[in-house]
Every structure is written in structure tokens, then in C-alpha cells.
Amino acid sequence: MLRCRGIELDSATHVASLHGERLSLTPKEFDLLAVLLRASGRPVATQDLYEAVWEDLYMPASFNSVMVHIRHLRSKLAALDSEQVFIETVWGVGYKIAP
């Protein structure tokens, strides 16, 4: 079970929630969020996210896949809590869970 700022991910049941409300995430969104939560606020490089979630070598065109999935994930989190920013962009590096 991963927990941070009201986000809960249960890898065993593949259930995600925010403030007790269930999030409907795709498998890639779930895995992206899990990688970010495991990093405990440290930035995760886009290349590392791609290789961990897609289990493939990162190519320059892979950036779009990560960016689109992060955008969808942010939108789903904001739908349940628009007062907080959960995922920050770290320019030139990647993404992190905002403290």
C-alpha cells in the first residue's frame, strides 16, 4: 500500500483512491502514480518513468507518451481535489509528487 497526501494505491488489488474516493485509472496511469509515490517527493526522470512503466527502452518520441499519461492522471486527481497540485513538472528532469 502506497500513501501520500490523500492518495492511496493498493498494488495487490490495483485500487487507487484520493481522499477515500476511488480513482478510475488505466494500468499505465496506475503504474506511473506508483513510481512517483515510491520516489517519495524526489523527481523522477521522464526516461526512468517510461522505462519503468512501459518496460521498454526510452526513445525521444517516448516523451509524448509520458506527457499525455501524466496530463490524464493530473486531470483525474484534479476532478476529485482541484485545490491541490499533486504532480509537479521538474523542468529538464521529469516529474515528482508535490510536497
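## A tour of helices, rings and salt bridges

Start with helix α1, residues 27–38. This helix has twelve residues. From first C-alpha to last, α1 reaches 16 Å, close to the 16 Å expected at 1.5 Å a residue. Keep in mind that you are looking at a predicted model.

Stay on α1 and colour its buried residues. They are E29, F30, L32, L33, A34, V35, L36 and L37. Now step just past the end of α1 to S40. Here S40 takes a positive phi of about 50°.

**Next stop: the rings**

How many aromatic pairs are there? The count comes to two. An α-helix has 3.6 residues a turn, so residues three or four places apart point the same way.

Show all three rings together: ring pairs link Y50, W54 and Y58 into a cluster.

Is Y50 buried or exposed? Y50 counts as buried, at 9% relative accessibility. Y58 counts as partly exposed, at 23%.

**Last stop: the salt bridges**

The structure holds three salt bridges. Take them in sequence order.

- Select R3 and E8. Their side chains meet at 3.2 Å, N to O. R3 counts as exposed, at 57% relative accessibility. E8 counts as partly exposed, at 31%.
- Return to α1 and select E29 with K76. This salt bridge spans 2.7 Å, N to O. E29 lies in helix α1 and K76 in helix α3 (residues 62–80), so the pair ties together parts that are 47 residues apart in sequence. E29 was among the buried residues of α1, and its relative accessibility is 2%. K76 counts as partly exposed, at 27%.
- Finish with E88 and K96. Their side chains meet in a salt bridge at 3.8 Å, N to O. E88 counts as partly exposed, at 30% relative accessibility. K96 counts as buried, at 18%, because the cut-off for buried is under 20%.

Technical notes. Residues are numbered from 1 along each chain as its sequence is written. This is a predicted model: local features need pLDDT of at least 70, side-chain atom pairs count only at pLDDT 80 or more; totals for chains, interfaces and linings use all residues. Side-chain values use heavy atoms; hydrogens and water are left out. Helices (H or I, at least four residues) and strands (E, at least two) are DSSP runs, numbered from the N terminus. The expected span of a helix is 1.5 Å times one less than its number of residues. Buried means under 20% relative accessible area, exposed over 50%, partly exposed in between (1.4 Å probe, protein chains only). Rings of Phe, Tyr and Trp (its six-membered ring) pair if their centres lie within 6.5 Å; planes under 30 degrees apart count as stacked, over 60 as edge-to-face and the rest as tilted. A salt bridge is a side-chain nitrogen of Lys or Arg within 4 Å of a carboxyl oxygen of Asp or Glu.
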